[in-house]
Amino acid sequence: KMRHYRTKKDSNERLSIVDIKLKSKNDIQTIKIDPNDLKQEIIGFGGAFTEASTYNLSRISKEQREKAIQLYFDPVDGLGYNIGRVSIHGCDFSLGSYLYIDDYDNTLESFDISRDQPIIDTIKDAEKYAQQKIKILGSPWTPPFWMKDNQSPIRGGKLLKKYYQTWANYFAKFIEAYEDRGVEVAWVSIQNEPAAVQRWDSCIYTGEEERDFVKVLGPTLEKAGYQDKGILIWDHNRDIMVERAQAVLEDPEAYKYVWGTAFHWYDNEQFDNVRKVHEMYPNKHLMFTEGCQEGGPHFGEYEVGERYGRNILNDLRNYNEGYIDWNLFLDDTGGPNHVNNLCSAPIMIKIFHEEIVKMPSYYYIGHFSKFIKPKAVQIASSGTDQLMYVSFRNEDGSYVVVIQNQNDKDINTQIEGLKENIEVTVEARSISTIII
């Protein structure tokens, strides 16, 4: 049975089931789908289990906490999330900078992740609703301060060469500690945003430095029995991801150890660069690992939802395989954040009222994550340039077509190439998901 879900500006429609109907026969635009032209396979969708997110959950009742987690991870009553991200020790959305070891402990004998226990508990609770293991990406924001040339966790600085091996050992310890507590670490990235000098936890790598560190980290993980863990490079914006991927992947030894390229959206939506990296290295993977609306909470701003839809859709069109949002849960201020870098999240929690607020971005993500299942394959689609669209075939043989209309006018549309031709009016400022 065919279904049509829609979210629309200036209406109560939020992932609402609506009729598939054509308002008029005038000026019909065509989307052609070729189910035989197969693209990438999808890993899944998720968000980041930051310390801020788990702390916010601890500030509300147990019932509301459960409901909040269910809203993301339940495949029926939530968004069907199946992947996630954690910071390897502190980040700006921690309650403060911290490490898993004592200062200056180069032996790593003091390694202890007990501060992360609330994060691990939240991942376990999420798995109850997801009814599967949540695969986790671990990303560091900075190595320990004394391993860097600026002797500080903040404002960039570089990892000193003499500490490459110690820092690689730290990654292996992180994986071991998380997996000992029952969390599946499927991937690690070399460094969160290696080209950004931040007033919070940060560290700079050139492409060549990242390449050199991969050649230490790869063998270290292999030796520890973690050769199945995916190493992701870059983990920063699309704008220079082509050059950065080249710097690492043109080296045959580094190439061997890299699973794929991670990227963020804080740039000018240069989706072509995602496709270019795929075309240059078709045997490597692509994963979107962070995006959010910056600058505070943005309650009620529909355009934030549209930004999510536009980015997710175009990255998927360009061979992205997985989508990980930034913070799962932020409070009314857009935090907490220990350097006041406040942001928005798809679920905001009004702490004093213990109220869960689903933002427009929550519904926009749901138009993809609820219906495009893990192992779905993107199939080719082409046609009108008045709409954005992407199509998939799920393992069960169902087809999913997501269409976003950012225009202020309705657009009459015919979808050709599937089991039957479908005629539908894609309404102004809306996103539609059609399941066939």
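This report covers aromatic ring pairs and charges over rings in a predicted model.

## Ring pairs overall

The count comes to 31 aromatic pairs. A pair of rings is described by the distance of the centres and the angle of the planes. Two pairs are set out below.

## Phe 49 and Phe 73

Phe 49 and Phe 73 are stacked. Their centres lie 5.6 Å apart, with 25° between the planes. That angle is under 30 degrees, so the pair counts as stacked.

Phe 49 sits in the loop between strand S4 (44-48) and helix H1 (51-58). Phe 73 belongs to helix H2 (residues 62-73). The pair therefore ties together parts that are 24 residues apart in sequence. Phe 49 is buried, at a relative accessible area of 1%. Phe 73 is buried too, at 1% relative accessibility.

## Phe 171 and Phe 213

Phe 171 and Phe 213 form a tilted pair. The distance is 5.8 Å centre to centre, and the planes make an angle of 50°. Helix H4 (residues 164-180) holds Phe 171, while helix H5 (residues 207-223) holds Phe 213. The pair links distant parts of the chain, 42 residues apart.

Phe 171 is buried, with 1% relative accessible area. Phe 213 is buried at 0%.

## A ring cluster

Phe 171 and Phe 213 are also members of a cluster linked by ring pairs. Other members include Tyr 98, Tyr 100, Phe 111, Trp 167 and Tyr 205.

## Charges over rings

Tyr 98, a member of that cluster, has Arg 115 over its face. The distance to the ring centre is 3.9 Å. Lys 350 lies over the face of Phe 299, at 5.0 Å from the ring centre.

Note on methods
Residues numbered from 1 in each chain as written. Predicted model: local features only at pLDDT ≥ 70, side-chain atom pairs only at ≥ 80, totals over all residues. Heavy atoms only, no water. Phe/Tyr/Trp six-rings, centres within 6.5 Å; stacked < 30°, edge-to-face > 60°. Helix = DSSP H or I, 4+ residues; strand = E, 2+ residues; numbered from the N terminus. Buried < 20%, exposed > 50% of the residue type's maximum accessible area, 1.4 Å probe, protein only. Lys NZ or Arg CZ within 6 Å of the ring centre and 35° of its normal.
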